[in-house]
Amino acid sequence: MRFNRLIFIGTLILFIALLAAGLLGYLVPQFIRGLLPVNVFTFLITLFLIVAIALLIYGLFLLVRKQQSPPRPRDTDSDEPLELPVEAPFIRRRRVQRQPIQNSDDRELQYRLINMLAGDAAAAERLVAKIRQNHPGMPEDWYWQRAIKDVERDRL
């Protein structure tokens, strides 16, 4: 959902910038040909269009930068269970609540796996949940280490 919203906003910004550039491309030749008088009003319109284009391009740059930065992982110490999407985005199920991870090594494993998955904490949780389902009764850090090894193996 976040990705679709960013694409929509970026497309809207590009469309508005293209419209402003088109207006500017029409005004400048009219100034040069002498068909449009150069006065304070036309100067302010031209200046406004130039500033609007610059601000729109800057906004698009910030949007792309925001998209490339990985989101912060969720706090695993909260008492609320995570809702994980299943096959379709409109079907949700609750995860079985576990003891919060107290060990900093376990937390580092979580952050490492999330970083390997480009900040997708939900994908990391799904991967660990699948491993937990296939291998019940193992220590918590073993699940995260196994998920990291699986991702590294799949990258080769």
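**Entry 1: accessibility and the N-terminal helix**

I take buried to mean under 20% relative accessible area, exposed to mean over 50%, and partly exposed to mean in between. The model I am reading is predicted. By that scale I record Ile9 as partly exposed, because its relative accessible area is 33%. I place Ile9 in helix H1, which covers residues 2-33. I then looked up the patch to which Ile9 belongs: Phe8, Ile9, Leu12, Phe15, Ile16, Leu19 and Leu23 form a nonpolar patch on the surface. Together these residues have about 690 Å² of accessible area.

**Entry 2: the chain as a whole**

I find five helices and two strands in the protein chain. Read from the N terminus, the elements run α-α-β-β-α-α-α. Of the 156 residues, 26% count as buried.

**Entry 3: Thr46**

I located Thr46 in helix H2, residues 40-68. Thr46 counts as buried, because its relative accessibility is 13%. Which residues does Thr46 contact, leaving aside its neighbours within four places in sequence? I find Leu24, Leu27 and Phe31.

I checked Glu108, whose place is in helix H3. Glu108 is exposed, with a relative accessible area of 52%. Between Glu108 and Asp141 I record 33 residues in sequence and a C-alpha to C-alpha distance of 10.0 Å.

Ala118 lies in the loop between helix H3 (104-116) and helix H4 (121-134). I note that Ala118 has a positive phi of about 60 degrees although it is not a glycine. I classify Ala118 as exposed, since its relative accessible area is 63%.

**Entry 4: salt bridges**

How many salt bridges does a search of the whole structure find? I record five.

The side chains of Arg112 and Glu152 meet in one of them, at 2.8 Å from N to O. Arg112 lies in helix H3 and Glu152 in helix H5 (residues 140-155), so this pair ties together parts that are 40 residues apart in sequence. I list Arg112 as partly exposed at 42% relative accessibility, and Glu152 as partly exposed with a relative accessible area of 33%.

I also looked up Arg153, which forms a salt bridge with Asp154; their closest N and O atoms are 3.3 Å apart. Salt bridges that share partners join Arg146, Asp150, Arg153 and Asp154 into one network. Arg153 counts as exposed at 52% relative accessibility, and Asp154 is exposed with a relative accessible area of 57%.

The side chain of Arg132 meets that of Glu140 in a salt bridge, at 2.8 Å from N to O. Are Arg132 and Glu140 buried or exposed? I find both Arg132 and Glu140 buried. Arg132 also lies over the face of Tyr143, at 5.1 Å from the ring centre.

I find one aromatic pair in the structure. Trp142 and Tyr143 form this pair, with 5.7 Å centre to centre and 75 degrees between the planes. I label the geometry edge-to-face, because planes over 60 degrees apart count as such. Tyr143 counts as buried at 3% relative accessibility, whereas Trp142 counts as partly exposed at 24%.

Methods
Residues numbered from 1 in each chain as written. Predicted model: local features only at pLDDT ≥ 70, side-chain atom pairs only at ≥ 80, totals over all residues. Heavy atoms only, no water. Patch = residues over 30% accessible without salt bridge, like charges linked within 9 Å, V, L, I, M, F, W, Y side chains within 5 Å. Areas by Shrake-Rupley, 256 points an atom, 1.4 Å probe, with all protein chains shown as cover. Salt bridge = Lys/Arg side-chain N within 4 Å of Asp/Glu carboxyl O. Helix = DSSP H or I, 4+ residues; strand = E, 2+ residues; numbered from the N terminus. Buried < 20%, exposed > 50% of the residue type's maximum accessible area, 1.4 Å probe, protein only. Phe/Tyr/Trp six-rings, centres within 6.5 Å; stacked < 30°, edge-to-face > 60°. Lys NZ or Arg CZ within 6 Å of the ring centre and 35° of its normal. Contact = heavy atoms within 4.5 Å.
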